[in-house]
Amino acid sequence: MPKPGELTFVAPRGAKPPRHLADLSAAERREAIAELGEKPFRADQLSRQYFGRLAARADEWTDIPAASREKLAEALLPELMTEVRHVSCDDDSTRKTLWKLFDGVLVESVLMRYPDRVTMCISSQAGCGMNCPFCATGQAGLTRNLSTAEIVEQIAAGMRAIRDGEFGGAKAGEDGEARAVRLSNVVFMGMGEPLANYKRVIAAIHRLTDPAPSGFGLSQRGITVSTVGLVPAINRMSEEGLSVRLAVSLHAPDDELRNELVPVNTRWNVEEVLDAAWDYADKSGRRISIEYALIKDINDQAWRADLLGRLLKNHRAHVNLIPLNPTPGSKWTASRPEDEREFVRRLQSHGVPVTVRDTRGQEIDGACGQLAAAG
Ligand code: SAH
C-alpha cells in the first residue's frame with residue numbers, strides 16, 4: 001500500500017495497456033511504422049533491437065537516427081511494467097519477481113534454473129476467474145487479462161536478467177565452466193487461465209517462437225500452456241498448427257471430486273476435457289501433460305490412481321504429480337509420502353508414465369498455485 005501523501009497513478013478501470021511493439025504481428029508493425037511516417041525498414045530494425053538484442057531503451061539503438069528514436073520509443077515501446085521487487089531461494093536458482101503494470105495491477109513471474117535449462121513461469125492474467133479452492137491465485141478472482149505485450153515483456157525481462165548476470169545462472173561456475181544460461185522453456189503456469197485469454201496468449205506464443213526479427217526464436221517444444229480444461233478453446237488451439245505442449249490440470253479422475261477441485265468441470269467434464277486433449281495430442285504430435293496436485297486424503301486414494309490409470313492408458317499422456325503447495329487459509333496439505341509412492345506405482349502398473357514435480361520456490365510463495373501478488 002502507498003504511504004499517505006505518496007503519489008500513485010492508477011488508471012481508470014477498464015483502461016487498456018498502451019500499445020507495444022510486442023502486441024503487433026510483423027505486418028502490423030510495418031503499418032504502425034508507416035503511420036509514424038518512418039521508413040518501412042525501421043520496423044525490422046526496431047524488432048531486431050527488441051527481440052534480437054533485448055534493447056528496449058532508445059539510447060541503445062545506435063543504428064537508428066537519434067531523431068527517430070524518441071518517436072519510435074514513445075509510439076511503440078512504452079514501459080509496460082516496473083519491478084516492485086524480487087525474491088530468491090533454492091540457492092538462488094529460483095527467483096520470483098513482482099511486477100506493477102501501467103494501471104497499478106500486480107502480477108508475478110518465476111525464473112527457475114536447472115542444470116540443463118532455464119524455465120520461466122509466466123502469468124497470462126492478473127488474478128484468475130477459475131476459482132479452484134486449492135490455488136492462491138483464484139481466491140481474489142480475476143482482475144483483468146494481460147495484453148500480449150505484457151505477457152511477452154515478462155519473458156523479455158527474464159532474458160535481460162539472465163544476460164546481465166542478475167540471475168545466478170548467468171555467471172560462470174567457480175570452475176570457470178559456463179553454465180546453461182539461456183532461457184529455453186516457458187510455462188504458462190503463473191497467474192491466470194491462459195485459455196481464458198486466448199487470442200493474446202496465442203499471439204504471445206508467436207512472438208516467443210517466431211525467428212528474429214519477428215520474435216525471440218524459442219522452440220515451440222519448450223513452451224507449455226496449462227489449462228483447467230476449457231474445451232472450446234482447446235479445440236480451437238488444435239487447429240492452430242502449434243507444437244507447444246498442452247498441460248491439463250485434472251486433479252481428479254471422477255466428476256464428483258473434480259467438480260469441487262476444478263469448478264469449471266461442471267461445464268466441461270473429465271471425459272470431454274480428455275477427448276479434447278487427445279485430439280490436441282494427435283494434431284500437435286505432443287504428449288499431453290496431466291497435472292495432478294496430490295492432496296492428502298482428498299484425491300490421493302489408490303482407487304483414484306487406478307481410475308486415472310485406466311482413463312489414460314493407451315493415450316499420449318504423461319502424469320505430472322505435484323505435491324500440494326500450501327496456501328494461506330487452506331485446510332488441505334500434501335499427501336503422505338507412502339500414499340504418493342503408491343499413487344505413482346499404480347499409475348505405472350497401467351503403463352502410464354509419471355513424474356513427481358519438485359516444489360521449487362515454496363519458501364518464497366513462488367511454487368505452483370502460490371502466486372497471489374500481494375503488494
Ligand atoms: N490456470 C492454469 C494455469 C495456472 S496453475 C491451470 O489451472 O492449469 C499451474 C498449475 O499449478 C495447475 O496445474 C494448477 O492446478 C496447479 N496448482 C494450483 N494450486 C496449486 C497448489 N496449491 N499446489 C500445487 N499445485 C497447484
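The radius of gyration used here is taken over C-alpha atoms, and the globule rule is 2.2 Å times the number of residues to the power 0.38. With 375 residues, that rule gives a radius near 21 Å for a compact globule; the chain has 21 Å, which agrees. This is a predicted model: local features need pLDDT of at least 70, side-chain atom pairs count only at pLDDT 80 or more, and totals for chains, interfaces and linings use all residues. Residues are numbered from 1 along each chain as its sequence is written, and side-chain values use heavy atoms, with hydrogens and water left out.

**Whole chain**

Start with the cartoon. The chain has 10 helices and 12 strands. These are DSSP runs numbered from the N terminus: helices are H or I with at least four residues, strands are E with at least two. Along the principal axes, the C-alpha atoms fill a box of roughly 70 × 50 × 45 Å.

Now show the surface. Of the 375 residues, 54% count as buried. Buried means under 20% relative accessible area, exposed over 50%, and partly exposed in between.

Next, contacts, meaning heavy atoms within 4.5 Å. Among contacts between residues at least 6 apart in sequence, 67% join residues at least 24 apart.

**Stop 1: strand S4**

Select residues 117–121. Of the 5 residues in S4, 4 are buried. Two strands pair if DSSP finds at least two bridges between them. A hairpin connects them through 2 residues. Pick out Val110; its bridge partner in S4 is Cys121.

S7 runs parallel to S4, with 4 bridges between them. Here Thr119 stands opposite Asn185. In a regular strand the side chains alternate between the two faces of the sheet.

**Stop 2: Thr224**

Move to strand S8, residues 223–227, and select Thr224. Its relative accessible area is 10%, so Thr224 is buried. Beyond neighbours within four places in sequence, Thr224 contacts Val186, Val187, Phe188, Met189, Arg245 and Ala247.

Step back into the loop between helix H5 (198–209) and S8 to find Pro213. A cis peptide bond joins Ala212 to Pro213, with omega about 5 degrees.

**Stop 3: Arg42**

Select helix H2, residues 41–52, which holds Arg42. Arg42 is buried, at 7% relative accessible area. Apart from neighbours within four places, Arg42 touches Ile33, Asp63, Ile64, Pro65, Ser68 and Leu72. For scale, draw a C-alpha to C-alpha distance from Arg42 to Lys313: 53 Å, across 271 residues of sequence.

**Stop 4: two positive phi angles**

Select His251, in the loop between strand S9 (245–249) and helix H7 (255–261). His251 is not a glycine, yet has a positive phi of about 70 degrees. His251 counts as buried, at 5% relative accessibility.

Then go to Asn314, in the loop between helix H9 (302–312) and S11. Phi of Asn314 is near 65 degrees, a positive value in a residue other than glycine. Asn314 is exposed, with a relative accessible area of 77%.

**Last stop: Asn325**

Select Asn325, in the loop between strand S11 (317–323) and helix H10 (337–349). Is Asn325 buried or exposed? Asn325 is buried, with a relative accessible area of 4%. Not counting residues up to four places away, Asn325 touches Thr359, Gln362, Ala367, Cys368 and Gln370.

How values were computed:
Buried < 20%, exposed > 50% of the residue type's maximum accessible area, 1.4 Å probe, protein only.
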